[in-house]
Amino acid sequence: EERLSLADPEWSDIHVVTGALKLFLRELPEPLVPYRLFDPFIEAIKLPDPQEQVERVAELVQSLPLVNYSTLRYLLAHLCRVIERVDVNRMTCQNIGIVFGPTLLRPERELGSLVADMAQQNQAVELLLAHFDHIF
């Protein structure tokens with residue numbers, strides 16, 4: 001078993017740490033938002049009423065398996081703290097949606113418009129972050 005030390009200089013670059021986290025999440029057998037919930041999440045994002053979007057996404061999040069729910073909640077709570085430091089890191093809710101959307105929420109098979117899917121994946125993560133307290 002390989003042991004890593006976060007004190008090593010290679011981990012001082014936040015892009016390396018973030019890249020490692022994204023790689024870990026991308027290589028999970030199934031994303032944190034399971035494949036079966038991809039379409040319902042996208043449909044929720046497409047709802048015309050923003051309050052209805054939040055309510056539907058909250059229902060979907062509550063239906064996640066406990067380990068997925070707990071991991072997603074922990075990760076998004078951290079990302080909310082990252083957003084609080086936007087003046088230092090330039091990581092807005094939208095930027096984090098772009099970075100983590102396709103990693104946390106992805107279809108089992110790439111179908112249709114990749115650009116449209118990615119925009120909706122990003123919007124889903126933005127909504128999760130913007131309404132974290134209500135959803136979790």
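**Pocket, helices and cysteines of a predicted model**

The largest pocket has a volume of about 430 Å³. The model is predicted; local features need pLDDT of at least 70, side-chain atom pairs count only at pLDDT 80 or more, and totals for chains, interfaces and linings use all residues. Residues are numbered from 1 along each chain as its sequence is written, and side-chain values use heavy atoms, with hydrogens and water left out.

A pocket is an open set of points on a 1 Å grid over the protein atoms alone where a 1.4 Å probe fits, with protein on both sides within 12 Å along at least five of seven lines; lining residues have an atom within 4 Å of a point. The volume is the space filled by probe spheres set on the points, which are joined across faces, edges and corners. The largest pocket is lined by 15 residues, and Ile-14, Thr-18, Leu-79, Val-82 and Phe-100 are the closest to its centre. Two or more lining residues come from each of α1 (14-26), α4 (66-84) and α6 (93-104). Helices are DSSP runs (H or I, at least four residues), numbered from the N terminus. The lining holds 11 nonpolar residues, four polar and no charged. Here Ala, Val, Leu, Ile, Met, Phe, Trp, Tyr, Cys and Pro count as nonpolar, Asp, Glu, Lys and Arg as charged, and the others, Gly among them, as polar.

Helix α4 has 19 residues. From its first C-alpha to its last, α4 reaches 27 Å, close to the 27 Å expected at 1.5 Å a residue. The expected span is 1.5 Å times one less than the number of residues. Buried residues of α4 include Leu-79, Cys-80 and Val-82. Buried means under 20% relative accessible area, exposed over 50%, and partly exposed in between (1.4 Å probe, protein chains only). Asn-68, Tyr-69, Leu-72, Leu-75, Leu-76 and Ala-77 are also buried in α4.

By the rule that a disulfide is a pair of cysteine sulfur atoms within 2.5 Å, the count is zero. Cys-80 is in no disulfide; its nearest cysteine sulfur, that of Cys-93, is 7.5 Å away. Cys-93 is likewise in no disulfide, with the sulfur of Cys-80 as its nearest, at 7.5 Å. Cys-80 counts as buried because its relative accessibility is 18%.

Helix α3 (residues 50-62) has 13 residues. Gln-53, Val-54, Val-57, Ala-58, Leu-60 and Val-61 are buried in α3. Seen down the axis, the buried residues fall within an arc of 160 degrees, so they line one face of the helix. The arc is that of the directions from the helix axis to the C-beta atoms. Glu-52 is also found in α3. Its relative accessible area is 40%, so Glu-52 is partly exposed. In space, Glu-52 lies 23 Å from Ile-96, C-alpha to C-alpha; in sequence, the two are 44 residues apart.

Asn-95 is in α6. At 27% relative accessibility, Asn-95 is partly exposed. Asn-95 and Gln-51 are 44 residues apart in sequence and 22 Å apart in space, C-alpha to C-alpha. Arg-90 lies in the loop between α5 (86-89) and α6. Although not a glycine, Arg-90 has a positive phi of about 60 degrees. Arg-90 is exposed, at 66% relative accessible area.
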